[in-house]
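Here's a quick briefing on the fold and the charged surface of this protein. Have a look at the model first, then read on.

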Amino acid sequence: MPLFAKQKMKKRHGHYCRICGSIKPNEAFSGKGHRNHICKVCSKLPRSEIDSIDQKDEIFNFLSQSHISKKNISRLHSLIESPDEEVAKLAGIVLDVAMVKPYKKKRLKFLAREHRDLLEKLDETGLIVAHHL
């Protein structure tokens, strides 16, 4: 029997907070926090900051999808009008990428050949990391 087969997988206790990205014990969550996956510390943040973090995560997830759909594009149009400047900027960049090459396959090679400026924007904002997830 191989050595790795004998080792047990370590089970993680607690819950994942989607705002701060950490795993915390059950006591760190309130009743609604368990359902919403937000710990007590993060739930005290202003609602605008929580929304901003959620919207940024949503934008990063669009690039990791194999196809940015028409519904995703309409959502990006609404995110461009966000009062948060950083969210609007990120949504604009991802929308430009979606208009040029909505499918993920060979997207970066295509952007490197045809749209160097978009690739540089992706690199500057850190969105290029989301592409590889």
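This is a predicted model: local features need pLDDT of at least 70, side-chain atom pairs count only at pLDDT 80 or more; totals for chains, interfaces and linings use all residues.

Residues are numbered from 1 along each chain as its sequence is written, and side-chain values use heavy atoms, with hydrogens and water left out.

**Fold and packing**
- The protein has 9 helices and 2 strands (DSSP runs numbered from the N terminus: H or I of at least four residues for helices, E of at least two for strands).
- Starting at the N terminus, the order is α-β-β-α-α-α-α-α-α-α-α.
- Of the 133 residues, 31% are buried (under 20% relative accessible area; exposed is over 50%, partly exposed in between).

**Negative side**
- Asp96, Asp117, Glu120, Asp123 and Glu124 form a negative surface patch (residues with over 30% relative accessible area and no salt bridge, like charges joined within 9 Å; a salt bridge puts a side-chain nitrogen of Lys or Arg within 4 Å of a carboxyl oxygen of Asp or Glu).
- Helix H8 (residues 116–125) gives the largest share of that patch, 4 residues.
- Glu120 sits in helix H8 and counts as partly exposed because its relative accessibility is 45%.

**Positive side**
- Lys105, Lys106, Lys109 and Arg113 make up a positive surface patch.
- Lys106 is in the loop between helix H6 (85–100) and helix H7 (107–114), and its 57% relative accessibility is why it counts as exposed.

Notes: Patches are made of residues with over 30% relative accessible area and no salt bridge: like charges are joined within 9 Å, nonpolar side chains (Val, Leu, Ile, Met, Phe, Trp, Tyr) within 5 Å. Accessible areas come from the Shrake-Rupley method with a 1.4 Å probe; for residues, only the protein chains shown count as cover. Lys and Arg count as positive and Asp and Glu as negative; His and the chain ends are not counted. The place of a charge is taken as NZ of Lys, CZ of Arg, CG of Asp or CD of Glu. Buried means under 20% relative accessible area, exposed over 50%, partly exposed in between (1.4 Å probe, protein chains only).
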